[in-house]
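Please keep the structure open while reading.

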Amino acid sequence: MADTASPTHYCEGAAQLLLGPGFFRPQSRPSRDAGVLLSRWLTRDRPGRVLDVMAGCGIRALRYGLEGRAQEVWANDADLDRLPLLKGNLQPLQNGRLEISARTAQHLLADCLMQQRRFDLLDLDAFGCPTALVPLALEALEFGGVLYLASTDGRSPTGHDRPAAIRSLGAAARAHPSSWELALRLQLAVVAKAAWAMGRGIRPLFSFSEGRTFRTAIQLLRRPAPREEEQLGLWAYCHRCAEQSQQSLLRLRRWPGCGCGDDPAAPLAISGPLWLGPLQDPQVLGELLQEAQSLPKESLVPASRRLLEGLQADDGLPVTCWPVDALAKRLGSGPPRLDALIGCLRAEGFEAKRSGVMSAQFRSNAPFSRVVELASALNR
């Protein structure tokens, strides 16, 4: 992380610029690399128009223009004092269609609605929770365009501030062992509900976090897919037996018994409404990785490639996900090799895979009691 008091030269991909004063995280490089590939993917057969709503020093806008094939770039930041730095850094894009402004996100997006201006990629790298901006951001997208959304609110959606989750997300967020996944699914639900209210549909392309920021890339569709509304539901977790279950709001009934049986005192924590559908589109992620082959090596660092490959191997289903540490706690010893456990679960007909969202986690539709039994047998 850098919070520089004086301009600092920085190079990333094809971009060379001054960071200047303000918040900047070199550790967020994988998210910027993914954004470049997303822009290239969107502009394969049409001119690309990108709106960077909270541009900061302009690094993402600059890379969209230099590497992302965007023919029209609009970079905005609400800090008027940062405008000279932003203009200087985006000088290499002056030969194209470039706009630079210093307006609040709300005013900018409201004007886009009034002027009916729409974009192929809208990058909203927000501070805190961006819920209030989501409806206007969707209005500024073309059909088939992508909202690349980030939230730095780590407490509300991970169950550490329940009142704030109600206020900002309109949802219950309870402590959960797969907290990053919980946060991403709550964020996707916010976008889905806003899109459905407009009569539109969504398609999550990829979702990830490094623990500080939660990022989702969501394609706006002209209409919802058949039965898309079934993907909104609740996620239950028993803090005693570690069993998990989900229910769609369309089919909401009493919760089935967990590993505690019919014990009415079972400490069941229920979160939602949240997105129960896939988190990733493996085909799109494969196409993004293919786009990377046409870029210089410096445009995609190894950490970015590993992230995208991990997400490609995990579409986010089934929803139920456990950390290996929780399994080790149940066993009272070290966990078995994860690949061996996944193989045993699949041999019994269950779905099982490594999580691409959180390391050292796996997802499966098997009852947790059976997971523990197989893990114990492997340890013997």
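## Salt bridges and cavities

Asp120 is buried, with a relative accessible area of 2%, where buried means under 20% relative accessible area, exposed means over 50%, and partly exposed lies in between (1.4 Å probe, protein chains only). The model is predicted, so local features need pLDDT of at least 70 and side-chain atom pairs count only at pLDDT 80 or more, whereas totals for chains, interfaces and linings use all residues. Residues are numbered from 1 along each chain as its sequence is written, and side-chain values use heavy atoms, with hydrogens and water left out.

The side chain of Asp120 meets that of Arg46 in a salt bridge, at 3.2 Å from N to O; the term stands for a side-chain nitrogen of Lys or Arg within 4 Å of a carboxyl oxygen of Asp or Glu. This pair links distant parts of the chain, 74 residues apart, with Arg46 in the loop between α1 (29-42) and β5 (48-52) and Asp120 in strand β8 (residues 119-125). Helices (H or I, at least four residues) and strands (E, at least two) are DSSP runs, numbered from the N terminus.

| Salt bridge | N to O distance |
|---|---|
| Arg46 and Asp120 | 3.2 Å |
| Asp123 and Arg60 | 2.6 Å |

By the same rule the count comes to 33 salt bridges. Some are joined in a network that links Glu12, Arg29, Arg32, Asp33, Arg63 and Glu67.

Helix α1 is largely enclosed by the rest of the structure, because 14 of its 14 residues are buried. At 1.5 Å a residue, α1 should span 20 Å, and its end C-alpha atoms are 20 Å apart, which agrees; the expected span is 1.5 Å times one less than the number of residues.

The structure holds two cavities of 30 Å³ or more. On a 1 Å grid over the protein atoms alone, a cavity is a set of points where a 1.4 Å probe fits but cannot get out, and lining residues have an atom within 4 Å of a point. The largest cavity has a volume of about 90 Å³, a volume being the space filled by probe spheres set on the points, which are joined across faces, edges and corners. Of its 13 lining residues, Cys129, Pro130, Ser151, Leu169 and Gln187 are the closest to its centre. Helix α7 gives the most to this lining, with three residues.

The second largest cavity, of about 40 Å³, has among its lining residues Arg32, Arg60 and Asp123. The largest share of its lining, three residues, comes from β8.

Conventions
1 Å grid on protein atoms, 1.4 Å probe; cavity = no way out; pocket = protein on both sides within 12 Å on 5 of 7 lines; lining within 4 Å.
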